[in-house]
Amino acid sequence: MSAMEIPYTVHERPDTGLTSGKIGIWLFLASEVMLFGALFATYILLRVGAVTWPHGREYLNIRLATINTIVLITSSVTMVMAWASLKRDQFGRYRLYMGLTVLCGLGFLFIKYLEYSHKFETGLYPKTNTFLAIYFTMTALHGLHVLGGMVVNSYFWGPGAKLWQTDKEHFTNRVENAGLFWHFVDLVWIFLFPVLYLL
Amino acid sequence: MGSTDMTNGRTVHAAEHGHDAHHEELGFWRTYVFSTDHKTIGIQYAITGMVFLLFGFCLMMLMRWQLAFPGRAIPLIGRLLGDARAPGGTMLPTFYNELGAMHGTIMVFMGIVPLAVGGFGNFVLPLQIGAPDMSFPRINMASYWFFFLGGVTMFSSFFVTGGAAQSGWTSYTPLADIATTGQTIWILGMVLLITSSLLGAINFITTTIQLRAKGLTFFRFPFFVWSQFVTAFLLLLAFPPLEAAAVLQLMDRVAGTSFFLPSGLVVSGQALQVSGGGNPLLWQHLFWFLAHPEVYVLILPAMGIVAEIIANNTRKPLWGYRSMVYSLIFLGFMSFIVWAHHMFMTGMGTRMASFFQTTTMIISIPSVVILTSLIISLWGGSIRFNTAMLFALAFLPMFGIGGLTGLPLGLNVTDIPLHDTYYVIGHFHYVVAPGTIFALFAGVYYWYPKATGRAMSETLGKWHFWPSLVCMNGVFLPMLFLGLAGVSRRLADGGATYQFAQGALHYNKASSFAAWGLAVAQIPFIVNFFWSLKHGAKTEPNHWHATTLEWAAAPSPPGHGNFKEPPVVTRGPYEYSVPGAATDFTPQNATGSAA
């Protein structure tokens with residue numbers, strides 16, 4: 001890029017105790033809270049205003065969603081393990097745990113695909129009714145976030161890991177920030193699951 | 001426009017070699033087009049923003065013809081618009097609606113915000129806090145290119161079947177749900193613009209917190225830095241709900257959902273074949289949840305610019321700096337809980353209305369505190385009346401009129417007869433046009449020497465200022481009268497077919513002639529802007545004898561990395577005319593005691 005160094009990308013600024021990347025990711029998550037917050041508010045408003053509102057179980061497969069919840073929580077655990085491995089200077093274990101995280105993400109999307117295709121086969125589309133409209137919109141947007149997180153995690157599993165050779169601390173910070181995003185995506189699902197499937 | 005940008009960049013480039021020996025050579029594309037330097041990105045933002053402002057203004061001048069002379073062919077250019085828009089040169093109502101919707105969208109999202117935040121924020125903020133660049137330079141570049149793509153997308157919507165979006169800049173549903181393809185493009189354009197501002201906001205906040213110079217505590221920030229800092233929070237938190245709303249509207253339009261379509265909706269006498277169950281008001285809530293903070297995104301940077309220029313040209317500290325900062329933060333917070341004062345007419349109920357009119361009255365207090373502080377700051381100053389200062393001074397009463405005319409709209413009872421009339425148009429244009437845009441002009445005149453190393457012509461500047469001041473009022477004052485006479489906004493004939501409006505229609509003509517006069521008044525500015533690049537008087541680094549770091553510590557134009565060595569801040573932002581000091585300004589990085 002240039003000869004000039006931007007400070008506090010790797011080391012914390014002493015008086016704030018934070019790296020710039022850490023602040024950046026938390027600000028981004030704040031905006032994400034507002035994005036999903038608006039959608040949850042939409043859900044509440046539509047449901048309160050509706051004459052009838054179906055139970056999630058009338059349309060949705062609770063068993064598959066429960067498995068998916070477990071898959072996603074597991075992926076959050078492996079994400080933490082990946083980061084902790086880097087902290088302990090165990091790069092091989094990092095590779096393993098990060099790989100598992102990506103695989104869990106893939107598993108989540110596959111199960112989601114099974115759910116979606118079953119809906120389409122039985123003639124249930126977003127336009128069928130408002131419940132399915134909000135279900136498809138929110139889960140699809142969440143699915144895109146899972147996909148985005150997987151792209152980032154795959155990058156840090158593969159080509160991005162080269163940074164480990166030159167700057168261990170910087171790479172560990174990056175994985176931590178990717179982890180924060182991944183946990184957030186997990187957390188959104190923790191809200192989506194009861195709201196859409198159980199209530 | 002591209003060539004100016006290059007000339008601008010070349011000056012920057014030439015100066016770099018003067019003092020920055022270890023600078024590595026970047027190619028043409030990396031230096032001028034895909035640059036990660038905050039100054040280049042700021043200039044790119046500013047120039048693109050100004051082009052869009054001019055374009056949005058041109059759309060408006062076409063509309064003004066239709067309002068002044070409804071049904072008459074537009075002279076000269078009317079036939080160029082094509083038969084789909086203006087057969088025989090006479091504007092169709094649908095084309096008028098396109099112009100109206102796109103004028104608002106372009107001015108707000110692609111003109112003023114990019115210039116005020118993307119342009120001035122990017123260029124000035126890192127310099128004022130003594131930073132070498134933004135925290136995330138590549139994200140900064142991405143922010144500009146998302147904005148550029150969003151702009152191109154919006155612009156392209158004029159050329160799709162059915163033309164551009166026609167449902168107003170507010171894109172109210174259910175109208176927008178069933179509008180032509182242009183509306184879909186509008187949504188996609190908005191998503192790109194939202195992405196751009198999200199990336200920018202994260203960068204601004206992080207940079208302000210992390211890259212402050214040593215000794216620059218928060219209460220030593222110039223007021224401009226505070227204004228950008230609070231604005232960034234508004235952009236960060238208010239835009240995502242609009243993104244959510246845009247996704248929902250896109251689903252309605254593309255996937256056939258009914259988020260904003262109620263059951264049993266009848267369009268043109270036909271029941272609409274949709275599942276229904278949606279809520280049109282939901283869109284308004286989500287939209288205004290963004291759009292009211294957006295109003296403060298338009299005004300806060302303007303206040304920041306004006307505060308800098310007033311402190312500098314009165315040669316006095318700002319009066320009540322701390323209370324101004326607290327007011328700014330309070331404004332930012334309150335701007336999230338006033339949105340439904342745009343919706344008094346929707347039948348949302350008196351209880352909601354009284355809550356929102358109360359918060360609206362409360363939010364006017366910090367605005368008045370800031371405006372009053374700026375006015376009192378003038379007291380006893382030996383004022384330098386340069387062009388930047390004239391625009392900054394004009395901002396005060398113009399914004400004052402804008403604010404005061406807003407009070408009747410914030411109260412439920414008085415809003416009802418005024419809602420959706422030209423009074424509303426007059427009110428918010430007083431805030432944004434002679435208010436914010438004057439502040440932005442002031443900023444251009446003030447920071448131009450920093451960006452180019454040359455000053456703009458004061459003579460041409462005054463030829464720009466005085467006619468603009470007269471014409472701005474000529475455009476918007478009649479609108480207040482029109483609105484009080486009950487004439488609705490968004491009428492393609494300006495009210496010509498309404499019996500009750502006949503007595504007020506002459507105001508339309510006055511307003512139109514003033515608008516075209518305003519266009520003529522911008523010629524000295526455009527000439528000045530380009531002429532001064534080559535022929536403006538060369539300036540010393542601290543052209544205005546200012547205290548803030550961009551003037552006191554950086555060369556003009558600053559090279560890559562901005563400062564030869566990181567500045568160390570020793571004092572507050574506005575130590576002008578300190579008794580006993582050698583000069584009438586003591587820079588923030590001055591060593592030793594002021595006296």
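A residue is described here as buried if 20 or more other C-beta atoms lie within 10 Å of its own, as exposed if 12 or fewer do, and as partly exposed in between, the C-beta atoms being placed from the backbone. The structure is a predicted model, in which local features need pLDDT of at least 70 and side-chain atom pairs count only at pLDDT 80 or more, while totals for chains, interfaces and linings use all residues. Residues are numbered from 1 along each chain as its sequence is written, and chains are lettered from A and ligands numbered from 1 in the order in which they are written.

Helices (H or I, at least four residues) and strands (E, at least two) are DSSP runs numbered from the N terminus, and on this basis chain A has seven helices and zero strands. The C-alpha atoms of chain A fill a box of roughly 60 × 35 × 25 Å along the principal axes, and 36% of its 199 residues count as buried. Where two residues are said to be in contact, their C-beta atoms, placed from the backbone, lie within 7 Å; among the contacts in chain A between residues at least 6 apart in sequence, 76% join residues at least 24 apart.

Within chain A, helix 3 (residues 62-87) and helix 7 (residues 168-198) pack at an angle of about 165°, with their axes 10 Å apart. Axes are lines fitted to C-alpha atoms, for helices over the stretch in contact, and angles run from 0 to 180 degrees between N-to-C directions. Angles under 35 degrees count as roughly parallel, over 145 as roughly antiparallel, 65 to 115 as roughly perpendicular and the rest as oblique, and helix 3 and helix 7 of chain A are therefore roughly antiparallel to each other. The residues that meet include A:Trp83 in helix 3 and A:Trp182 in helix 7 of chain A. By class, this contact has 15 nonpolar, five polar and three charged residues, where Ala, Val, Leu, Ile, Met, Phe, Trp, Tyr, Cys and Pro count as nonpolar, Asp, Glu, Lys and Arg as charged, and the others, Gly among them, as polar.

Between the chains, 39 residues of chain B are in contact with 33 residues of chain A. Helix 6 (182-210), helix 7 (223-254) and helix 8 (280-314) of chain B each supply at least two residues of the side that touches chain A, and helix 7 of chain B gives the most, with 10 residues. The axes of helix 1 (residues 20-49) of chain A and helix 6 of chain B come within 9 Å and cross at roughly 140°, which makes helix 1 of chain A oblique to helix 6 of chain B.

In chain B, the buried residues of helix 5 (residues 137-156) include B:Tyr144, B:Phe146 and B:Phe147, and what covers the buried residues of this helix includes helix 3 (38-68), helix 4 (93-128) and helix 6 of chain B. B:Ser268 is exposed, with 6 other C-beta atoms within 10 Å, whereas B:Arg315, with 16 C-beta neighbours inside 10 Å, counts as partly exposed. A cis peptide bond, with omega about 0°, joins B:Thr173 and B:Pro174, and B:Pro174 is found in the loop between helix 5 and helix 6 of chain B.

Note on methods. The expected span of a helix is 1.5 Å times one less than its number of residues.
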